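Here is a guided walk through one protein chain, meant to be read with the structure open beside you. Please keep the viewer handy as you go.

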Amino acid sequence: MCEQVTILGTNVHSVSQQEALEIIAEFIASGKPHHIITANAEIVYQAYHDQTRRQIINNADLVTADGAGVVWAANYLGQPLPERVTGIDLFHAICRIAGEKQWKIYILGAKQEIIEQAVQNLQTQYPHCSIVGYHNGYFDQQEEEAILNDIKKKQPDVLLVAMGVPKQDDWIITHQKILQVPVAMGVGGCLDVISGKLKRAPQWMQKMSLEWLYRLI
């Protein structure tokens with residue numbers, strides 16, 4: 001496994017997006033369940049003040065630097081990271097190569113109209129991507145049982161959970177052994193952006209690590 005940088009007690013793996021994708025491919029090939037977290041500065045800060053949250057992150061199989069603040073902190077500590085690897089960029093990258101790799105994807109989270117539009121947009125953008133199932137993130141315990149059964153029936157290689165932090169990671173950890181999905185990753189508000197409800201920062205701001213400023217504005 002790749003090297004790690006420890007920031008305020010939280011371990012972040014030193015990987016580029018391409019290296020992260022290669023690791024994901026290894027996880028899927030193994031057939032065993034793995035948990036991926038894309039950690040931004042807010043998540044690292046929360047983990048610094050919450051030992052349980054910090055332990056969850058440090059127990060994850062892959063933690064990427066989702067945010068300019070995390071990359072800056074690593075540089076400050078003299079352990080520079082290759083690049084920022086955001087959840088939404090990783091989401092798109094997985095969908096882009098899923099057809100070639102024959103990966104099956106299941107998406108869980110957001111409101112019904114949001115996830116429906118997001119799935120439609122993804123299938124238009126990545127026509128060879130196999131999205132075998134999806135469900136909104138608003139369900140009770142009885143509905144959850146049906147969702148779990150659907151996921152087990154569909155046997156996805158990748159489960160993308162958009163419930164926000166920390167709920168999405170808690171949900172993944174709770175059901176990881178039952179579902180046995182090789183890769184489970186929390187993707188926060190990605191579906192809002194993919195659906196078109198929210199706009200992402202322009203490319204020039206992303207490249208200058210100013211996406212946080214765009215969201216703030």
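M163 is buried, because its relative accessible area is 15% (buried means under 20% relative accessible area, exposed over 50% and partly exposed in between, with a 1.4 Å probe and protein chains only). You will find M163 in the loop between β7 (158–162) and α8 (167–179). Beyond its neighbours within four places in sequence, M163 is in contact with L108, F139, Q168, W171 and G188, where contact means heavy atoms within 4.5 Å. M163 and I151 are 12 residues apart along the chain, and their C-alpha atoms are separated by 16 Å.

Before going further, a word on the model: it is predicted, so local features need pLDDT of at least 70 and side-chain atom pairs count only at pLDDT 80 or more, while totals for chains, interfaces and linings use all residues. Residues are numbered from 1 along each chain as its sequence is written, and side-chain values use heavy atoms, with hydrogens and water left out.

**Loops with something to notice**

The loop between β7 and α8 also holds P166. The peptide bond leading from V165 into P166 is cis, with omega near 5 degrees.

Two other loop residues are worth a click. A110 lies in the loop between β5 (104–109) and α6 (112–125), and its phi is positive, about 65 degrees, although A110 is not a glycine. Is A110 buried or exposed? With 14% relative accessibility, A110 counts as buried.

Q155 sits in the loop between α7 and β7. Its phi is near 50 degrees, again a positive value in a residue other than glycine. Q155 is exposed, with a relative accessible area of 57%. In sequence Q155 and I105 are 50 residues apart, yet C-alpha to C-alpha they are 8.8 Å apart in space.

**How the helices pack**

Two packed helices are described by the angle between their axes and the distance between the axes. The axes are lines fitted to C-alpha atoms, for helices over the stretch in contact, and the angles run from 0 to 180 degrees between N-to-C directions.

| Helix pair | Angle between axes | Distance between axes |
|---|---|---|
| α1 (residues 17–30) and α5 (residues 87–101) | about 55 degrees | 11 Å |
| α7 (residues 141–154) and α8 | roughly 50 degrees | within 11 Å |
| α2 (residues 41–49) and α3 (residues 51–59) | about 125 degrees | 5 Å |

For α1 and α5, the angle makes the two helices oblique to each other. Angles under 35 degrees count as roughly parallel, over 145 as roughly antiparallel, 65 to 115 as roughly perpendicular and the rest as oblique. The crossing of α1 and α5 is right-handed; a crossing is right-handed if the near helix is turned clockwise from the far one by less than a right angle, and left-handed if anticlockwise. On the α1 side the contact is made by Q17, A20, L21 and I24, and on the α5 side by D89, L90, A93, I94, R96 and I97. These divide into seven nonpolar, one polar and two charged residues. Ala, Val, Leu, Ile, Met, Phe, Trp, Tyr, Cys and Pro count as nonpolar, Asp, Glu, Lys and Arg as charged, and the others, Gly among them, as polar.

Helix α7 is likewise oblique to α8, and α7 passes α8 in a right-handed crossing. Which residues make the contact of α7 and α8? From α7 come E144, L148, I151 and K152, and from α8 come W171, H175, I178 and L179. By class, the contact of α7 with α8 has five nonpolar, one polar and two charged residues. W171 of α8 takes part in this contact and is also one of the residues touching M163.

The pair α2 and α3 is oblique too, but its crossing is left-handed. I43, A47, Y48 and H49 of α2 meet Q51, R53, R54 and I57 of α3. That contact has four nonpolar, two polar and two charged residues.

**The chain as a whole**

The protein chain has 11 helices and eight strands. Its radius of gyration is 17 Å, close to the 17 Å that the globule rule gives for 217 residues, so the chain is as compact as a globular protein of that length. The radius is taken over C-alpha atoms, and the rule is 2.2 Å times the number of residues to the power 0.38. Along the principal axes, the C-alpha atoms fill a box of roughly 45 × 35 × 35 Å. Of the 217 residues, 49% count as buried. Among contacts in the chain with a separation of 6 or more, 72% come from residues 24 or more positions apart.

Key: Helices (H or I, at least four residues) and strands (E, at least two) are DSSP runs, numbered from the N terminus.
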